[in-house]
Structure formats: structure tokens, C-alpha cells
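Thanks for asking me to look this one over.

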Amino acid sequence: MLDLERLRALHSVATYGSVSAAADVLHVTTSAVSQQLAKLERETGQKLLERNGRGVRLTDAAELLVAHAERILSLVEQAQADLEAHRGSVVGQLAIAAFPTAIRGLMPAALRGLRADHPDLRVLLREEDPLRSMPLVSRGDFDMALVQDWNNEPLPFAEGLQKGVICDDVADVALPADHPLAGRDTIDLKELAGDPWISSSPDSICCGWLMRTLRAVDSEPDIDHMAYEFSSQLCLVAAGLGNAILPRLGRCDVPPGVAIVPLAAPLTRRVYAVWREEAARRPAIRAAVTALRAAVPADLPAVAPVPGRPATSRPAAGVRRG
């Protein structure tokens, strides 16, 4: 009979491309993965890995076995979810990936609520950009991810994932206090054409979005400074080095020398929780979504209909908020 953990090791090698990468994901040593694969070769009577330069590649027999392993592991996850649903208890472990502002603006209150309401649930939180976190959920590295998309640029969702709306978030423009338009009640993005801008790091979802958003109003991005944290961006704005577009969720204290001006045509992003279809029945997934919705700050707007996206109601009055 094929051993499940050995199939998992082979599947990880196929997914991540090497024995060492599989070991990192499985939180074991490279030697342990190699031993599992050697035992699987003896069980199957087939050679599964071949040398390929300095690495390895899967044999035809391994590719065949990996296809079965993917289905087997999916069925195991479904069985675990069904058992948890049958028991109705929020227990076990839940690994969540979230983008930085969601970690700052949502996760502390949500985790506190989960710990109080479900003490037998262990939550593991990691910071990941949505471009990375959704594939990691699809592969099974995380049980859930918090991701975002903008009203002017929806995020494509991979097949096999389900999503639940957590909240809507609004972005404002941060200007140096001595900017000629800093005293305005609202501002049109076109009015800032030609200004220098401060962006998130180039590998983040926000950087690409900012560049496309500016180009959409015929403003070629002039970006000299990039910083991943919004608090760092605000410090650069305060120094007069450029403007920034910052969402309200998890925004830190605005330093002196910065003026926050709402946009006349608001830019909003929708925050979602995503999880694998196989895990949809897990009580832990439902509990986490409930806790996240309860943690939405009161100063964010109610979730309003966005063209092409369903509306969702805000938490009822009296629900504890972060």
C-alpha cells in the first residue's frame, strides 16, 4: 500500500522543483525527503527521480504517480474537512497568508477574537503579497489568504478557490503639506499629472496597480522612491519627495508635513478571504471569515456594489470591531 506521507513528499518535489524546496515546504530536512522518496521507489518498484545537471527531474513513472497523488491528497483534505464539519468544532490548525495592511488593520482584532472564541484553534499568520499568496493557497501551503483587488483592476481568481468578501477599502492621496493642491477638499488624479510619486516595492501588487492607474489618466509615472511599508512612504511624502496613494485600512498615524486628500472619483479596493474548495466545509474557515468581518474598522465604508462584483452587508451594529 502506498504511504501518504511519501506521496506528499513526491508531490512537493514535483510542485516546487527540487528536493530541498520540498523539504522547506514540508518543514523537514532534505535527507528526510530523500529517504521518503527512496522508500517510495522500493514500494513501487519504479525509479522516480533522475539526475538532471545539478538537480533532479521526475521520471515518467513519477509523473504518473504525482497525478494520482494530487487527487489522493485532495480527497484526504476533503475527508478532514467533512470530519471537522460533522463534529462542528473549530479545532486544529489554520495557516493564513495576508498582505501587509490587512495584517496591520484586520488581523490583530481577528486573531484576538478567534483565540477568545475558539481556544482549540491554532492560527499561523504569515505576510505575503496577493500575487504570491493565492498560488500558495492553491498548492496547500496555506489554508486561507487575504487578498485585494481594485475597482479599476479586478484580481483574477484561480480555479479551485472560493472567496468571501471581508470589506471595502478606500484610497486617498498623500501630498506634501506645501503642495499647491494640499488644501483641497477633493482632488482629481489628472490634476497631479507630472508629479513625482512614491510606490511600494516593484514586486508588489500595489506598484503595478499604481503605474497602470496613473497611465489611465494620461500621467506617465515618475517614480524615484519605493518603500514596501506605507509608514515609510508617508515619511518620504513628508520630506517633499513625492505623492503617494494610500488605502485607509491599517494606515498608520500621518506625520506632520503630509496632507491627506480624498479623490473626487474614489479608488476602492475589495478585501477577500480565499480558500480551497475542498476546505470550504471546515468550521475553522467559517470562524475565521466571521472574525475578520467583525474586525473591520468602523471608519471604513459599508461594502457597496461594484460593477461586476456582488455586494455584501457590513457586520451588524454592536459587533466588536478592531
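1. A word on naming: helices (H or I, at least four residues) and strands (E, at least two) are DSSP runs, numbered from the N terminus. Please also keep in mind that this is a predicted model.

2. Let's begin with the sheet. Six strands form an open sheet in the order β4-β3-β5-β10-β6-β9, and their pairing is mixed. At the edges sit β4 (121-127) and β9 (244-247), each of which pairs on one side only. On average, neighbouring strands here are turned by 30° against each other, direction ignored.

3. Strand β3, made of residues 92-98, pairs with β4 in the parallel sense, and seven bridges join the two. Within this pair, Gly-92 stands opposite Leu-121 in β4.

4. Which strands does helix α6 lie across? Helix α6 (residues 107-117) lies across β3, β4 and β5 (144-150), and its direction is at about 165° to β4. Helix α8 (residues 205-216) lies across β5, β9 and β10 (258-276), running at about 10° to β5.

5. On to the empty space inside. Rolling a probe the size of a water molecule over the atoms shows where such space is left. With a threshold of 30 Å³ or more, the count is two cavities.

6. The largest cavity has a volume of about 130 Å³. Its lining has 15 residues, and those nearest its centre are Pro-100, Ser-200, Cys-206, Tyr-228 and Phe-230. Both α5 (100-105) and α8 supply at least two residues of this lining, with α5 giving the most, three residues. By class, the lining of the largest cavity holds seven nonpolar, four polar and four charged residues.

7. For the second largest cavity, the volume is about 90 Å³. Among the residues lining this cavity are Trp-150, Ile-198, Trp-209, Leu-210, Gln-233 and Ile-245. At least two lining residues come from each of β7 (196-199), α8, α9 (230-238) and β9; the largest share, three residues, is from α8.

8. One link between the topics may be handy when you browse the model.

Note on methods. Residues numbered from 1 in each chain as written. Predicted model: local features only at pLDDT ≥ 70, side-chain atom pairs only at ≥ 80, totals over all residues. Heavy atoms only, no water. Pairing = 2+ DSSP bridges. Axes fitted to C-alpha atoms, helices over the stretch in contact; angles between N-to-C directions. Contact = heavy atoms within 4.5 Å. 1 Å grid on protein atoms, 1.4 Å probe; cavity = no way out; pocket = protein on both sides within 12 Å on 5 of 7 lines; lining within 4 Å. Points joined across faces, edges and corners; volume = space filled by probe spheres on them. Nonpolar A, V, L, I, M, F, W, Y, C, P; charged D, E, K, R; others polar.
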